[in-house]
Each structure stands twice: as structure tokens, then as C-alpha cells.
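Please find below a colleague's note on the structure shown here. The points may be read alongside the sequence and the model.

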Amino acid sequence: MSTNADARAADAPTPDIHDEAILIVDFGSQYTQLIARRVREAGVYSEIVPCDIDPERVRAFAPRGVILSGGPESVAGESGPRAPAVVFELGVPVLGICYGMQVVASAFGGRVAASATREFGYARVENLDAGGLLAGLSDDQSDHESCETSQLDVWMSHGDKVDQLPPGFTAIARTPHAPLAAMADIERGIYGLQFHPEVTHTEQGQAIVERFVLGICGCHGLWQSDAIADDLVARIADQIGDGGVLLALSGGVDSAVTAALVHRAVGDRLTCVFVDNGLLRENEGDAVMAAFGDHFGIDVRRVDAGERFMTALVGVDDPEAKRRIIGNTFIEVFEEEAGRLTNVAWLAQGTIYPDVVESAGAATGKADLIKSHHNVGGLPAEMNLGLVEPLRELFKDEVRALGHTLGLPGSMLNRHPFPGPGLGVRILGEVNASYAARLRRADAIFIEELVAAEWYDRVDQAFAVFLPVSSVGVMGDGRRYEPVVALRAVQTVDFMTARWAWLPFELIDRVSSRIVNEVDGISRVVYDVTGKPPGTIEWE
Ligand code: XMP
């Protein structure tokens, strides 16, 4: 985003939610995005920038405080990246985390050395702080009163450590291996933590982040869903002027929230196109039409293109070929529909912040290498549409909260993720309409039972998979050879790794008998007990 230092400097009576921003300088830690999320959870806007950022951009950003992230390199070796001097010249509080603390120590004349004992994982630190950042925080249970100092349960992950404080700093926490596990120069507002407050294993982590951004930096916590909604609506209206906007609605959270926001900003100048590819979940199309068409009164053009997709998929059994065909057919259908519209000047997309901060880029301290996340591929060049991406600054949980504020149904916001190619990659091998119909029903039964047993929200993704093999079943007096359905349910934080969910046997049993009894043409149900790795979440 572009911030406006001049506007900020002026005596603005109503603070803009972006006026109070925390700048996060990324040194390549795997946790940098978590820092940004914690700051946002504290109600303060935050933005991640690479450590070699142009100093002028930092000044223009005019942050209320700066956080220096962790990182894989070594300050001790002198070769590791340093913070741009400007962050210490702004006169705002600075918090260095892990590598960031070492950067602070070295910038102010302290010493960093490779530690003989590396600390990775859980640690207990003694809280020595009487001043501000950690003062009074404790994870002691019963004997707190009897201890002279309190203890904090934290997450450590470091090799190097600060072994000599810079002049003016005091130690505010210690462990047996790291006597300088945290430091502060209260006068200058400069802090360092060897441990990671952004990681949930650090019990008081959120409290520490709030101390920093609300207490020490003096932010007011203006970054809240209703204020974010108002701000985004005003900015969309500003960007779009009086042009028409086109949006591809998928049924997913990001495009749904984008539609609701843009509609609030431009009303009936928004047209949504919803392509039913015949590979959606049960009732998905009707639910989208009910929420957007009936409830919000948005102009949604539904295109029933199931047959076209099925025809394009005849004879194709390679998963990547199926993905390509489904993607390309979607673009063709969307383009045709878009071509019928007049007065469209903008294309709205549900790109969110993690799509923007390319994860590979963040890991190398190049978090501002922007990956343009085109959910919708090439539209006819002659349409020459401008891009509107109102969720570019938001994390997924913020998008959900915003959706609630905008009045979207919880069932739509809290739904498990669904892959773009839909049931196309959940029918192994060649896809056809009959397989899709059976799978859709089996999947719906599984989901219904998960909801009824209050397990739906305890797993992160659950679905049925269609295995077109002939397995024997005995129906009445006869033997029948029919396909199999596999049930998959996983628990995961980031979908990069996952464990299979230990669903109650009674629940699996209920699902299995309902599927075999209610869905014609399924002889057998199995439950997938493969983790990721070695498996993947989807079967193709
Ligand atoms: P895997 O199977 O790779 O899935 O463990 C991880 C997550 O990604 C989703 N997924 C996809 N999403 N298009 C998508 O939009 C795809 O082709 C695709 N393949 C997998 C999957 O549902 C899970 O959430």
C-alpha cells in the first residue's frame, strides 16, 4: 500500500486505520508472516518489507514502530544482512526478534557470538523486566508469589546469541544458556528478544506483541473489521470511479468477500460470473446464487457449463492434463460471458496477502517480490481491464472476519477449502457425469454426518474420493461389482503437512452405511489413514 506521510503529519482529526502502521523488516525468517498476523490481531496494520528496502520507502511509510524479524543468517560472521540505518533514525520504537535482536545489538555496539549450546524449541526464561515489554507477564502456575522473578514459556530457535549488551541496554530475561535472552533500552525505545513471541508456543506471545504495539508504540488498535470494511469500500469506490466491474465468483471465501465488498462500493455496477463446471459440491451453485443473487441482490450470471467440461474431459485420465483442461475451459467460458457485457472497465480478484508476499521470496528476505496471483487467466486483451484486488493486504482470518462484518453466511465463510478443479481431481482417472453425481452425493453424506457429530470444525479438510475400480458387494441375493468411495479427513495448520483425522469409528460407520445404502452404484467405503507426507491431501 502507499502511505501518505504528509497526510499523517497534518493534524488529521479522524485517524485513518493506516496511519498507525508497524513496519516489519524481513530477514528471511519462516515466522515473518506470523509476526504480521500477531500485530494485526492486536488491531494494528502491519506490512512486511525486505531488509534491503529503500530508506525513502521507510520514511514514506512513517511507521509507529518497527519490528526486525528473525532470519537464518549470522550477525557474528559479519556477512549477514543488517537493518537499514533509517529504522533507528526515525525515533520510533524498534523490536528485534531473534536475528533481529542480534542486528540491534550489533548496530548499537554490543557483541554477538556463535553459541556453544544451540537452543531450538521450548525454553523457560526468567523474566527480569521491571520496565515495560515483559514486566508482570508470567507463566508461573501456583508458586508465583514465592519466586523472586517470574518465568515465561517461550519458543527459541537460534545458534548465535548476544553475549555483550550494547551501552545503555539492560537484560530483561535470561536462560541458563542465554543470560541475555532479552534486552531493552527503555529510554530510546529499543528492544530485543532472543525468543519468538509470534509463535503460539510462546504462551505470552500475543501479550508481548500487544505491549509493544499498543503500549510502547502507542497505537490505538484501529485495525478492526468494521473499520477495515469502511476503509476498503471507500478505496474501491475511489479506484473504480464510475466504471463497471466484473468478478468471477467461485463459491470460495476470497471471491465471496471480494464480491460483497465491491458490491458495497459500486452497487449494481458489479457483475459476477459464476461458472458451474459440473464438478462442484452438492448444492454449491444454488447456495452461491441464494447468497449473492437473492440475499445481496448482486447481478450474478450463472453459466451451467457442466456438459462442456465433461465433453472436454472425455478420454483424459492424467491428473495434470485434467487440471489444465478444467482451467482452460473455465477461462474460455468466463471470457465468452465477459464478452457479452458492456461497460466493464475493471476485473476484481480475491488475491490475499499470503498470495502477494511470495513465500519463497519471504524466506530469502525478498518479501516484496510480488507474485501476481491471477486467479482468472487471460481475458481478451481488447477488454483492457484494470485490476481491483481489495483483499491484497489481508490474511485469511481477516478475510473471514471481514466476511462476517459484511453479512456473508457463516456456512460460506467457514467451509473447508475446495480445489479449483473440484471433483475433477477427486474422481481418479477419467471423469464422467455419472461418477460426479455419485461422488457429490457420497461427499454430501460425509459432510452432513461430520456436521451432525460436531466434527466438521475439528478437521481442516474432509471429502470423499471416487475410485473407479470394481469391488464386490452383496446387495440382496446378488453379487455386484461396483466402484469404491474413499473418505479423507485431515487436520493441518498450513496444508503443507497434515495428519489424518482420528474420527470416531461410530461416525465412520454411520457414513459408510449411509453411502452404501443411499448412493446407487457404490459397493464399498474405505477410510484413508495416510499422513502428508508421505501422501498428499488430494488423491490426484
Ligand atoms: P495436496 O493434495 O497438494 O493439497 O496435499 C494441498 C491443498 O491444496 C489443495 N489443492 C488444490 N487447490 N487447485 C487448487 O485450487 C489444485 O489443483 C489443487 N490441488 C490441491 C488441496 O485441496 C489442499 O487444500
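The numbered points below take up the sheets, the helices and the cysteines.

1. This is a predicted model, in which local features need pLDDT of at least 70 and side-chain atom pairs count only at pLDDT 80 or more, whereas totals for chains, interfaces and linings use all residues. Residues are numbered from 1 along each chain as its sequence is written, and side-chain values use heavy atoms, with hydrogens and water left out.

2. Helices (H or I, at least four residues) and strands (E, at least two) are DSSP runs, numbered from the N terminus. An open sheet of nine strands, with mixed pairing, has the order β2-β1-β3-β4-β9-β8-β7-β5-β6; two strands pair if DSSP finds at least two bridges between them. Because β2 (45-50) and β6 (150-164) each have a single partner strand, they stand at the edges, and one side of each is left without a neighbour in the sheet.

3. Within this sheet, β1 (residues 21-26) and β3 (residues 65-68) are joined by four bridges in the parallel sense. Ile22 stands opposite Gly65 in β3.

4. Helix α6 (residues 205-216) lies across β1, β3, β4 and β9, and runs at about 175 degrees to β9. Such angles run from 0 to 180 degrees between N-to-C directions, and axes are lines fitted to C-alpha atoms, for helices over the stretch in contact; contact means heavy atoms within 4.5 Å.

5. An open sheet of five strands has parallel pairing and the order β12-β11-β10-β13-β14. Its edges are β12 (299-304) and β14 (386-388), each with a single partner strand, so one side of each lacks a neighbour in the sheet. Strands β10 (residues 244-249) and β11 (residues 270-276) run parallel and share five bridges, and Leu247 stands opposite Cys272 in β11.

6. Helices α7 (residues 225-240) and α8 (residues 253-266) pack at an angle of about 65 degrees, their axes 8 Å apart. The residues of this contact divide into 10 nonpolar, no polar and one charged. Here Ala, Val, Leu, Ile, Met, Phe, Trp, Tyr, Cys and Pro count as nonpolar, Asp, Glu, Lys and Arg as charged, and the others, Gly among them, as polar.

7. How many disulfides are there? The count is zero, a disulfide being a pair of cysteine sulfur atoms within 2.5 Å. The sulfur of Cys51 is 14 Å from the closest cysteine sulfur, in Cys98, which is too far for a bond. For Cys217 the closest cysteine sulfur, in Cys219, is 5.5 Å away, also too far for a bond.
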